[in-house]
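Visitor: I would like to learn how to read the features of a structure like this one. Could you take me through them one at a time, giving the general idea before the case at hand?

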Amino acid sequence: MAEVCDYEGSSYRTDFWEGQGREYEHLAERIALRKLLPSAGARLVEIGAGFGRLVDLYDSYRQVVLLDYSKSMLRQAQDRWGRGGKYIYVAADLYAMPFVDSLFDTTVTVRVLHHVQNIPAAFQEIQRVLKPGGVYVLEYANKRHLKAVLRYLLGRQSWSPFAPEPYEFVELNYDFLPAWMQARLREAGFAIGPELAVSSFRLPFLKRLVSPRSLAALDGLLQGPTASLKLAPSVFVQAKAEKENAQAEGRGFFRCPSCHRTDLIEAEEALTCRGCGRGWAIDDGIYDFKQPIAS
Ligand SMILES: [Zn+2]
């Protein structure tokens with residue numbers, strides 16, 4: 001079993017995003033996502049949605065599921081995007097998502113694979129919940145970005161940015177080789193579509209000189225044309241689930257993460273699985289599949 005990176009109780013939003021000089025990256029990521037997201041669909045899930053930084057980009061979807069391992073992050077997302085309506089908040093492990101097969105038109109992971117120890121298992125699970133032909137938009141940190149390549153060539157960095165295996169620079173923080181990532185996607189049954197090079201200007205002096213908006217606009221212009229160089233610190237990919245149209249649509253929504261049965265009875269404060277009898281709490285608008293309710 002792979003270890004899960006847990007942001008429970010963390011102040012990720014204020015420590016990492018707000019007033020931390022990452023406005024340029026934030027805007028550049030939004031430009032990239034807009035380019036790769038299918039413009040509309042019935043149902044989208046953002047896995048590792050955190051505090052809901054990107055949620056307004058999913059406006060054209062009828063239903064949006066925000067999944068995160070951290071309930072405290074989902075609380076922040078609820079405060080921002082409201083309870084009920086088109087948003088469904090789910091606390092769960094991405095390796096065992098509580099959804100029936102082929103539920104989603106679109107899945108998204110941004111700044112998430114960075115913390116994923118077992119990429120093949122994660123891709124397999126994401127493929128399972130996607131409809132045939134469904135789209136997976138992913139972002140990952142690239143280990144052969146320009147700075148790493150230059151540092152390596154100048155002898156200032158011991159690890160090779162060209163070696164295939166993921167580079168764990170801090171515990172549960174990984175950078176990946178693009179070719180390695182593409183191979184894992186193909187193995188999991190994805191066809192690789194357009195790719196984008198993002199945050200190429202993540203350089204302190206540039207960020208001081210140029211406004212975040214201008215820098216992001218320039219980033220947006222170069223994301224497509226420079227993608228094949230694979231030198232940007234962040235790579236976005238649009239992948240398509242190639243699978244047989246096995247399941248009939250419209251069969252249920254949740255699936256028990258323990259026994260995989262799909263008949264769960266919903267009451268006010270819990271879902272109860274008819275297969276194994278486990279109860280899963282509905283805690284003030286958050287479906288909590290991290291631990292079954294103690295009986
Ligand atoms: Zn069950």
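**Strands, salt bridges and enclosed space**

Guide: Three bridges join strand E11 (residues 270-273) to E12, and the two strands run antiparallel. Two strands pair if DSSP finds at least two bridges between them, while helices (H or I, at least four residues) and strands (E, at least two) are DSSP runs, numbered from the N terminus. This is a predicted model, in which local features need pLDDT of at least 70 and side-chain atom pairs count only at pLDDT 80 or more, whereas totals for chains, interfaces and linings use all residues. Residues are numbered from 1 along each chain as its sequence is written, and side-chain values use heavy atoms, with hydrogens and water left out.

Visitor: Which residue stands opposite Trp280 in E12, and how many residues lie between E11 and E12 in their hairpin?

Guide: Leu271 stands opposite Trp280 in E12. The hairpin formed by E11 and E12 has five residues between the strands, and Gly277 in the turn has a positive phi of about 80°. E12 is also joined to E13 by two bridges, again in an antiparallel arrangement, with Ile286 in E13 as the bridge partner of Asp283. E12 and E13 form a hairpin with two residues between them, where Asp284 in the turn has a positive phi of about 50°.

Visitor: How many salt bridges does a search of the whole structure find, and what is the partner of Lys71?

Guide: A salt bridge is a side-chain nitrogen of Lys or Arg within 4 Å of a carboxyl oxygen of Asp or Glu. The search of the whole structure finds 18 salt bridges. In one of them Lys71 is paired with Asp283, the closest N and O atoms being 2.7 Å apart. This pair links distant parts of the chain, since Lys71 is in helix H3 (residues 71-81) and Asp283 is in strand E12 (residues 279-283), 212 residues apart. Lys71, Arg75, Asp283 and Asp288 are linked in a network of salt bridges.

Visitor: Is Lys71 buried or exposed, and how does Asp283 count?

Guide: Buried means under 20% relative accessible area, exposed over 50%, and partly exposed in between (1.4 Å probe, protein chains only). Lys71 has a relative accessible area of 17% and is therefore buried, whereas Asp283, at 30% relative accessibility, counts as partly exposed.

Visitor: What does the side chain of Asp284 meet in a salt bridge?

Guide: The side chain of Asp284 meets that of Arg83, at 2.8 Å from N to O. Here too the pair links distant parts of the chain, 201 residues apart: Asp284 is in the loop between E12 and strand E13 (286-288), and Arg83 is in the loop between H3 and strand E3 (87-91). Asp284 counts as partly exposed at 47% relative accessibility, and Arg83 counts as partly exposed at 44%.

Visitor: Where are the residues with a positive phi that are not glycines, Arg111 and Leu172?

Guide: Arg111, with a phi of about 55°, has its place in the loop between E4 and helix H4 (119-129). Leu172, with a phi of about 60°, is in the loop between E6 and E7, and Leu172 is buried, with a relative accessible area of 8%.

Visitor: What volume does the largest pocket have, and how much space lies in the largest cavity?

Guide: On a 1 Å grid over the protein atoms alone, a cavity is a set of points where a 1.4 Å probe fits but cannot get out, and a pocket is an open set with protein on both sides within 12 Å along at least five of seven lines; lining residues have an atom within 4 Å of a point. Grid points are joined across faces, edges and corners, and a volume is the space filled by probe spheres set on the points. The largest pocket has a volume of about 870 Å³, and its lining of 32 residues has His145, Arg202, Ala232, Pro233 and Ser234 nearest the centre. H5 supplies the largest share of that lining, four residues. The search finds one cavity of 30 Å³ or more, and about 410 Å³ of space lies in the largest cavity. Of the 27 residues that line the largest cavity, Tyr7, Gly48, Asp68, Arg111 and Val112 lie nearest its centre.
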